[in-house]
Amino acid sequence: MATACPCGISPNAELLALCSPDGRLKIWETATSTLKQQYTPSSHLSATCTCLSWEPQREARGGPKKKRRKSSSKGDSSHVAGAHSTDIIAFGTSVGSILLYSLVKGDLQSQLDGGHDDTVNCLCWHSEGDTLYSCSDDNYIVEWSITTGTVKCKWKGEKSAVHSICVCPGGKNLLSAGRKIKLWDLEKKEVLKRYTGHASPITQLSYVPLALHRRKASGDDQFLDVEGLYFLSSAIHDRVLNAWQVRSESKDKNSVAAFSLVEEPASYDVSRDQDSDQTFISVVTRGGQVQIFDPVLNGKTKKPIKPRCSIQVATQGNKEITPKPIPILCAQFSSTGNILIAYGTVLKPVFEKVNFLNGETEICLIREDPTIQHFKQNTIVNKIKTPLTSEEVVHLQHSAPVGPSQSLSDDKRKRKTHAAEVSMEERLNAISIATQNLQGASQVPQTDSLVLLLTQGLQSQDKEIIERVFKYGNESLIRNTISRLPIQMVLPLAEQLSLRINKHAERGAIVLRWVKALLTIHTSYLSTFPEIVQKLSVLYQMMDQRIQTYSKLSRLQGKVSLMMSQITSQAEEAMGKNLGNKPLMVYQDESSDEQEDMEELMPSHSESEGEWEQLSDMDADAADDDDDDDDSDDEEEEEMGSHGEENGDNDESSDSDDD
């Protein structure tokens, strides 16, 4: 599939072809790490390189094939029989054209146009003959003739973009992939079998060479039948490398094995050792690590296959400098037990062979950063050139020595004054030391510094550094630190947290904050590891015990809250009753002097007793007069009532007489 910086090592592991982001093709020697050739296409800015493929090695042929091969080559030295040719590099562009670069000429050999209208995603050479296959975003697969530079055949591979292709051993079948995988018959251009594929676009397809006893008993090393063939596939944002098997009688469309990876794969290489009859798979991840597998493919497997060992490159670190990882660009098996890796940057890759059969599961190479080393080599240049003078030189002085002597003395004085002055470097050091002294040691560290400190502690297994990081309990600081932590450090961090969850009771709350943030951010990543339950068994058991006691604790909490509510209500009622019995306001006379003065001013009872009796008699007479008046009024009302009744009787008698 199309990548930002496509690269590939030649079949003989002597050269590396690398396309820079600006569209330039660079050829590096793996033995000396030097740039051998560089080619800049005319339209390198508008039509950047998206994929490349080395021409496979041509083995010697004899008899009539040699003559036919020689006559069809048309003078091209790269196609002469009997030579191991890795001369041509084919690389596709973003505009649909394919360029063929010749290492012998050091220039462009030919350009293939008219096949695609969109980005070329993958190129694959035919094992025999001068045939090249390509796929593109325009949904088509094209078969090219290298000798004529024309299209042999073109057919539609998918309803959407075709991302990867692979020619099977024997040259009669082709694997293509968009999101699903198809097995084609190249003669009839028909689909023989379909596979489920991946949920995301597939980036690479590659077949696994079969064992010697599985091959056909013929003079040719390659076989024509693909029955029982295993092939691999990788996809975007998928941390699993799937293995599939071709079975004509089986209707199963699923993968037969899966290889567990730390990160998304960028590229991979497959090799089979002829002596031990063992298959090796190397996967280069997006983070710059290499994982090597040695599977035994024999039917369907239930569990994911784990890597045999992993290789990574990093710089030297100490207490002041944090080690930095150096990304690995690509890798390829070179010989038995050795793998050739290219690490560094696109501008300056470095090559090294590593033995992966030494029994180590984690291989970390401590190397100097290639960019810094290249910068140092360029900066060590003496720009001051001393002129070449002969020894027979006569210095002439002026006749009047007064002027020059004064100037010489002045120069000496100036030099002395300059020597006494403080240099700029010392001034800057003094300023930096002063600013460091002003800063307090109790400041909260930044997230970047905590990430570097935690990464260093997890890599070196330093308990002091890890304890220093775990003492911070700020939730935002914890969340930012875990989100910026490298993905390969997530599992070691989970193991360290599970070990410390029950050791320090006073720091259990802070450790739980780290656990909560880790599970919240990286749950999807941790769920891909089947052994996560075993590694986090302590944490798992603690959570299980707390879940079992949660119902009991919740009931106890409910009862306690109910009792506390009743106690508080009773206390409030008692306080209300006490408030109702008490008067709202109480007035108390503090002294009785004023009352005694008032008693002295008032007359005594003996002097006014007669007056009180006279007043009482007068009141009694007035009351009798009122009673008499009331009685007379009642008598008048009764007399009026009796007269009214008599008048009524007289009226009734008169009415009866009239009748």
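These are my notebook entries on a predicted model of one protein chain.

**Ground rules**

I number residues from 1 along each chain as its sequence is written. Local features need a pLDDT of at least 70 and side-chain atom pairs count only at 80 or more, while totals for chains, interfaces and linings use all residues, and side-chain values use heavy atoms, with hydrogens and water left out.

**Entry 1: confidence**

I began with pLDDT (the predictor's confidence in each residue, from 0 to 100). Its mean over the protein chain is 76, and 68% of the residues reach 70 or more. A reminder to myself: where pLDDT is low, the predicted coordinates should not be read in detail.

**Entry 2: the whole chain**

I looked up 15 helices and 29 strands; these are DSSP runs numbered from the N terminus, helices being H or I of at least four residues and strands E of at least two. Of the 659 residues, 36% are buried (buried is under 20% relative accessible area, exposed over 50%, partly exposed in between, with a 1.4 Å probe and protein chains only).

**Entry 3: A90**

I found A90 in strand β6, residues 88–93. Is A90 buried or exposed? It is buried, with a relative accessible area of 0%. Not counting residues up to four places away in sequence, A90 touches C51, L52, S53, L99, L100, L123, W125 and L132. I also noted Y101, 11 residues from A90 along the chain, with 6.4 Å between their C-alpha atoms.

**Entry 4: two positive phi values**

Most residues other than glycine have a negative phi. K189, not a glycine, has a positive phi of about 55°. I placed K189 in the loop between β15 (181–185) and β16 (190–195), and it is partly exposed, at 22% relative accessible area. Q461 likewise has a positive phi, near 55°, and is in the loop between α5 (447–460) and α6 (463–470).

**Entry 5: nonpolar cores**

A nonpolar core here is a set of buried Ala, Val, Leu, Ile, Met, Phe, Trp, Tyr and Cys residues joined through side-chain atoms within 4.5 Å. Which members of the largest core, with its 32 residues, touch the most others? They are L454, F470, L493, L497, W514 and L518. The elements giving two or more residues to this core are α5, α6, α7 (475–484), α8, α9 (508–521), α10 (523–526) and α12 (537–548).

Next I turned to α8. Eight of its 11 residues are buried, so α8 is largely enclosed by the rest of the structure. Among the buried ones are L493 and L497.

**Entry 6: the second largest pocket**

A pocket is an open set of points on a 1 Å grid over the protein atoms alone, where a 1.4 Å probe fits, with protein on both sides within 12 Å along at least five of seven lines; lining residues have an atom within 4 Å of a point. I counted 50 lining residues for the second largest pocket, with Q289, Q312, E362, Q488 and M489 nearest its centre. Helix α5 gives the most to this lining, with seven residues. Other elements supplying at least two residues include β24 (309–314), β29 (362–366) and α8 (490–500).

Methods. Contact means heavy atoms within 4.5 Å.
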